[in-house]
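Student: I've got a model open and I'd like to talk it through. Can we go step by step?

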Amino acid sequence: IVASIPTVTPVKSAFNLQIESFNGKKARALAAITCHGVCPSLLSGDTVTLTARLRVPRPAGNPGSFDYRRYLLSHHVGWTGTTR
């Protein structure tokens, strides 16, 4: 389920996705998804089925820089992913 208002640019779209199932099994997680190329127009609350490449966010490698992993965790986002 699309859990945020998608941010759309000419090159990509980005949105948060509430995951309800993963590989056919029930799951409960929030993921930050980026869609590159031609993406369908999505609205908050839409239910979608998609194939995405999911990853766990890594900590920042440079001390003192913006910690994207901590930012995502503070917003309860446990995964990042890409789809086409």
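Tutor: Two strands pair if DSSP finds at least two bridges between them, and helices (H or I, at least four residues) and strands (E, at least two) are DSSP runs, numbered from the N terminus. This is a predicted model, where local features need pLDDT of at least 70, side-chain atom pairs count only at pLDDT 80 or more, and totals for chains, interfaces and linings use all residues. Residues are numbered from 1 along each chain as its sequence is written, and side-chain values use heavy atoms, with hydrogens and water left out.

Student: Which residue in S3 stands opposite Phe 22?

Tutor: Start with the two strands: S2 and S3 pair in the antiparallel sense over ten bridges. They form a hairpin with two residues between them, and Asn 23 in that turn has a positive phi of about 55 degrees. The S3 residue opposite Phe 22 is Lys 25.

Student: And which residue is the bridge partner of Leu 17 in S3?

Tutor: Stay with the S2 and S3 pair, which is antiparallel. In S3, Leu 17 has as its bridge partner Ala 31.

Student: What is the order of strands in the open sheet?

Tutor: The chain has one helix and five strands, and along the sequence the pattern reads β-β-β-β-α-β. S1 (residues 7-8) runs antiparallel to S2, joined by two bridges, and these two form a hairpin with three residues between them. Pairing in the open sheet of five strands is mixed, and the order is S1-S2-S3-S5-S4.

Student: Is Cys 35 buried, partly exposed or exposed?

Tutor: Buried means under 20% relative accessible area, exposed over 50%, partly exposed in between (1.4 Å probe, protein chains only). A disulfide (a pair of cysteine sulfur atoms within 2.5 Å) joins Cys 35 to Cys 39, with S to S at 2.2 Å. Its other end, Cys 39, is partly exposed because its relative accessibility is 21%. Cys 35 is at 4% relative accessibility, so this residue counts as buried.

Student: What is the handedness of the link of Cys 35 and Cys 39?

Tutor: By the sulfur rule, the count comes to one disulfide. The angle about its S-S bond is -110 degrees, and that makes the link of Cys 35 and Cys 39 left-handed.

Student: Which residues does Leu 42 touch, not counting residues up to four places away in sequence?

Tutor: Contact means heavy atoms within 4.5 Å. Leu 42 is one of the seven residues of the largest nonpolar core. With residues up to four places away in sequence left out, Leu 42 touches Val 2, Pro 6, Phe 15 and Val 48.

How values were computed: A nonpolar core is a set of buried Ala, Val, Leu, Ile, Met, Phe, Trp, Tyr and Cys residues joined through side-chain atoms within 4.5 Å.
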